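I kept the entries in the order in which I made them.

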Amino acid sequence: MPVYLHVRSRPARAVLAGLATVMSGCTPSTDEVRPPERFIAAPAGEPESLVWSDLMPLAELETLEQQMTLMDYASLPAATHDESAPAAGQTGSYDVVEDLDGLHIRMPGYLLPLDAAARGRASEFLLVPFYGACVHYPPPPPNQIVYVVAAEPVSVSEYWEARWVEGVLETRVARNELGDAAYTLYLSRSEPYRPAP
């Protein structure tokens with residue numbers, strides 16, 4: 001079972017664990033991610049702390065909670081850890097929380113570099129809520145993936161590194177063969193994940 005970072009409640013964790021299976025109607029794209037033409041620098045001041053369920057509109061979250069209550073977990077397919085196996089198709093919603101557009105935020109997640117270069121540096125990532133998303137498990141819904149772009153390449157010590165990220169969040173879709181993202185984050189700061197005290 002995937003491990004989610006810093007989710008506020010047990011019901012929210014259960015909802016997120018079943019997102020890729022329950023939701024339908026998403027049409028994944030094979031278009032490649034293109035970095036934004038402009039980079040938005042974070043303003044001075046403390047960022048707003050977010051968790052993954054904050055990225056989902058309330059009505060959608062409530063619907064998922066109802067569906068999860070009725071769901072037969074025994075019928076879910078077992079996850080594979082086969083490195084060579086392709087990810088299952090993406091399902092879910094592109095619906096976003098419009099109030100988050102342009103907000104200076106901080107949130108945790110697992111970084112999947114998209115453009116790893118020499119010496120372990122990258123400037124484009126997918127931020128996902130659980131280890132192995134988009135590769136070993138079905139991709140989360142688009143509104144549970146954040147495309148992260150850095151103005152300058154940053155060091156990445158290992159793939160699937162759990163990180164805190166900060167920056168300006170936009171409700172801007174980024175399409176990628178690994179999984180579409182309904183949000184884009186302009187990275188201003190990143191650090192290894194440690195649970196909040």
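**Aromatic pairs.** I looked for paired rings in this predicted model, and the count came to 2 aromatic pairs. I then took up the pair of Y110 and Y131: their ring centres are 6.0 Å apart and their planes stand at 85 degrees, so I noted the pair as edge-to-face, the term for planes over 60 degrees apart. I checked where the two residues lie. Y110 is in strand β2, Y131 is in the loop between β3 and β4, and the 21 residues separating them make this a link between distant parts of the chain. Are the two partners buried or exposed? I found Y110 at 11% relative accessibility, so Y110 is buried, given the limit of under 20%. Y131 has 41%, which makes Y131 partly exposed.

**A charge over a ring.** I also looked up W164. The charged end of R106 sits over the ring of W164, at 4.2 Å from the ring centre.

**The chain as a whole.** I stepped back to list the elements. The chain has 3 helices and 6 strands, and from the N terminus their order is α-α-β-α-β-β-β-β-β. Of its 197 residues, 47% count as buried. I looked at contacts with a separation of 6 or more, and 78% of them join residues 24 or more positions apart.

**Strand β3.** Next I went to β3 and its partners. β3 pairs with β2 in the antiparallel sense over 4 bridges, and I noted P113 opposite F125 of β3. β3 also pairs with β4, again antiparallel, over 6 bridges. In that pairing R121 stands opposite S155 of β4. Why is β3 described as largely enclosed by the rest of the structure? I counted buried residues: 7 of the 8 residues in β3 are buried, and therefore the description holds.

**Nonpolar cores.** I wrote down a general point before looking: in soluble globular proteins, nonpolar side chains tend to be buried together. Which residues have the most contacts inside the largest nonpolar core? They are L55, M107, V146 and L169, in a core of 21 residues. The elements giving two or more residues to this core are β2 (103-113), β3 (121-128), β4 (146-155), β5 (161-170) and β6 (183-192). There is a second, separate core of 14 residues, and I noted L112, F130, Y137 and I145 among them. I returned to M107 for its neighbours. Leaving out residues up to four places away in sequence, M107 touches L50, W52, L55, L127, V146, R163, W164 and V165.

**R163.** With a relative accessible area of 11%, R163 is buried. The side chain of R163 makes a polar contact with the side chain of S190, at 2.9 Å. Beyond four places in sequence, R163 touches M107, P108, G109, L111, S190, E191, P192 and Y193.

**N143.** My last entry is N143, found in the loop between β3 and β4. Is N143 buried or exposed? Its relative accessibility is 0%, so N143 is buried. I followed N143 to D54, which lies 89 residues apart from N143 along the chain, and their C-alpha atoms are separated by 9.9 Å. Among the residues N143 touches, not counting those up to four places away in sequence, I listed L55, M56, P57, E60, S93, D95, A182 and Y183.

Notes: Residues are numbered from 1 along each chain as its sequence is written. This is a predicted model: local features need pLDDT of at least 70, side-chain atom pairs count only at pLDDT 80 or more; totals for chains, interfaces and linings use all residues. Side-chain values use heavy atoms; hydrogens and water are left out. A nonpolar core is a set of buried Ala, Val, Leu, Ile, Met, Phe, Trp, Tyr and Cys residues joined through side-chain atoms within 4.5 Å. Buried means under 20% relative accessible area, exposed over 50%, partly exposed in between (1.4 Å probe, protein chains only). Contact means heavy atoms within 4.5 Å. A polar contact is a pair of N or O atoms within 3.5 Å; within protein, one must be able to donate a hydrogen and the other to accept it, and residues adjacent in sequence count only if both atoms are side-chain atoms. Rings of Phe, Tyr and Trp (its six-membered ring) pair if their centres lie within 6.5 Å; planes under 30 degrees apart count as stacked, over 60 as edge-to-face and the rest as tilted. A charge sits over a ring if NZ of Lys or CZ of Arg is within 6 Å of the ring centre and within 35 degrees of the ring normal. Two strands pair if DSSP finds at least two bridges between them.
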